[in-house]
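Please walk me through this structure in the viewer, one selection at a time. I'd like to know what to pick next and what I will find there.

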Amino acid sequence: MSPLGAQLASGEPFGRYVIDAPLGEGGMAVVYRAHHAELGRLVALKVMHGAFVFSEAHVERFMAEARASATLRHPHIVDVSDVGEIDGRPYIVMEHLEGETLAALLARQGRLPASAVADLALPVVSAVAAAHAAGIIHRDIKPENIFLATDARGDERPVLLDFGISKNFAPRSKALTEAGHVLGTPYYMSPEQVQRADALDGRADQYSLGVTLYELCTGVLPFRSDDSLYMLMAEIMHGRPEAPSSLVPELPVDFERVVLRAMASSRDERFATMAELGRALLPFCTDEVRAKWIAEFGQPDLRIPSASHLRARPSWRAAAEEPSPPSALPTAPCALSAAELRAIPWLDGCSDAELDAFLGAVSARRYAAGAPLFAQGEQATTAFLVVSGELSIDDPDDGGLDLGLIGPGELAGQIALIEDVPRATSVRARVATAVLVLEREAFQRLLAAGSPVAARVQLTVAVSGIRQLRRATRRLAILMEERDEADAAGAKSRRLQHLRAAIAEWSVAIESRSSPSS
Amino acid sequence: MHLRADKEVLRRTPLFRRLDEQELAALAVCLRVRVCDAGAWLFRQGDPGASMLLVAEGAFAATVRERSAEEREINRMGPGEVIGEMAFLDAAPRSASVRAITSATYYELDRDGLEILRAHSPSAAAAVTWAVIRDVTRRLRRMDALIEVELERAGVLE
């Protein structure tokens, strides 16, 4: 028998099991591959480190994991078959899995396409939902704790591991992870966990899964300050990650929205339940996986177009599915009131009289779902300010690729206000939408007349352009960094240096580096 | 003594080339004239971006803090150049530090100044904002073209 502090050696018996080899080491336990001495069945045996067995608190936490896992039976939660203590060393016996963790997969592949991420995520969402239903928060969801198990036929099955610090909702088990101990892996930790470790609910798990999805689809962590733990925590609390699509341009915008919503820094802004997150992910999975989970999560929300629509969407189709009143004209003039403009936050502070004066000088239109506002290549002198509804931008050169959505308070076609260039994209109403039509000359007259509403519209045009430029600059810097790494061995090409110089010039030095996105 | 910005400097500033005489005169009134010695910091990286600065005389250097904590110079600015006009409009933190490398004179426009300008001459305030928007649009186009080149090279785009 080994002394308490030592690792168990290969061939050493441990109760009814015989140790084969260590599989991994966690904070307070070592996991071994072992087999049942009589049945020969392979298991994963988690044995507490000798150093902790004298700490009642640690033993209790270890056993709490065992109990939490043992009460959960779910095809995507690791199965616990036995729990006990041998010679004062607590242990857990779990099913033995072949495969790798998502962390290992990520390290090998860099990043995964949205459909693969959604396919992997749904079983995990279901597993976490089951834990929540049983009153258990996992509290440490991350790629290292999601195992991609491969069965004999080569089929892959994501399995949630390690309820090591999970804590029952029920207040009676005065959790060991309370009292200000910050447990969990900081990179994936929710802002509420960073701030204080009590009063958590299932939405903390949703956040950590959101960070995991972000990392899977971009290959980088949303918050990764390595200056200090303090800086990292500050980043998490401020919660302004770079948009995944600025790192991976081909990522569907709606998928990005789902990921960012799951990791909203205010938990009230996240999905209310894991099931809601599951439903929002359904449109992005492959058909096979969607068919499997639709019964559990329900019909996908129609507002989010399905993945196939995103890829080759004649944007009509999605639009045609939207219910719209029969015999409605594609577009018609309409009247908008100051009260309706109040929906736009940046008009806060303008008086009703100022809003009315502005409304009197521009025209308003409604567009039915699917109706085009303008098409790529057209010459134009008008911009559109969305008051209600939503527009979608298509790139007709790219098979109708969905380039993004424009919502209330955002503008479409604003370049036409400053110069005569053909429209770069096509824009249509995704749902029934009301807009203000801003004609260049008329808008200029409003500005010259001192309309505060017009001034705010102009400022919005400026700010959205500036933010796009900041994002573009950062994207270019990332692309160049990647390339730099690829070229690390060779001499730097002249072109690279040229690009560097260009970046320095165009960022005007002052503006572009490491400023926050929004 | 209240110094008045030199309209001649404004006239020679490319960013303001579309402003007419009256608009330039209104702008001149709303700018604060400041002088500084060589070595003086205008602002540090991370400061809130609350104003834009126009160099009238002298030269400035922009530096960023590298991971190694060293300051690396990324640009120099001289007369007629505008500093920090984007952070001025979108209120983002300064992403570089700026220091005078000679004794210098510069004009500053903060957000209150822009509102005062708007009250004096709405068209001048609009023209200054359009000038920044045009500049941003031009840079965005060039940046997008560069990104496309990089993506093509990386084989992401065919």
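Predicted model: local features only at pLDDT ≥ 70, side-chain atom pairs only at ≥ 80, totals over all residues.

**Stop 1: where the chains touch**

Select chains A and B together. In this model, 37 residues of chain A are in contact with 37 residues of chain B. On the chain A side, highlight α15 (440-448), α16 (452-486) and α17 (494-506), each of which supplies at least two residues to the side that touches chain B. Which of the helices gives the most to this side? That is α16(A), with 18 residues. Colour the chain A side by residue class and you get 24 nonpolar, 8 polar and 5 charged residues.

**Stop 2: the cores**

Now select A:L385, B:L27 and B:F60, the residues with the most contacts inside the largest nonpolar core, which has 93 residues. Centre on B:L27 next: leaving aside neighbours within four places in sequence, B:L27 is in contact with B:L10, B:L19, B:L117, B:A124 and B:V128. Apart from this core lies another, of 80 residues; to find it, pick A:A68, A:I141, A:A204 and A:W293, which are among its members.

**Stop 3: a helix pair in chain A**

Show helix α3 (residues 114-133) and helix α5 (residues 203-218) of chain A. Their axes are 10 Å apart, and the two helices pack at an angle of about 160°. Because of that angle, α3(A) is roughly antiparallel to α5(A). Is the crossing left-handed or right-handed? The crossing of α3(A) and α5(A) is right-handed. To see the contact itself, show A:A114, A:V117, A:A121, A:V124 and A:V128 from α3(A), which meet A:D205, A:L209, A:L213, A:L216 and A:C217 from α5(A). By class, the residues of this contact are 9 nonpolar, no polar and 1 charged.

**Stop 4: one residue in a strand**

Finish at A:A383, which sits in strand β15 (residues 382-388) of chain A. Is A:A383 buried or exposed? A:A383 is buried, because 23 other C-beta atoms lie within 10 Å. Not counting residues up to four places away in sequence, A:A383 touches A:L411, A:A412, A:G413, A:Q414, A:A416, A:L417 and A:L438. Then draw a distance between the C-alpha atoms of A:A383 and A:F443: these residues are 60 residues apart along the chain, and the separation is 9.7 Å.

Conventions:
Residues numbered from 1 in each chain as written. Chains lettered and ligands numbered in written order. Core = buried A, V, L, I, M, F, W, Y, C linked by C-beta atoms within 7 Å. Buried ≥ 20, exposed ≤ 12 C-beta atoms within 10 Å, placed from the backbone. Contact = placed C-beta atoms within 7 Å. Helix = DSSP H or I, 4+ residues; strand = E, 2+ residues; numbered from the N terminus. Nonpolar A, V, L, I, M, F, W, Y, C, P; charged D, E, K, R; others polar. Axes fitted to C-alpha atoms, helices over the stretch in contact; angles between N-to-C directions. Parallel < 35°, antiparallel > 145°, perpendicular 65-115°, else oblique. Left-handed = near helix turned anticlockwise from the far one by under 90°.
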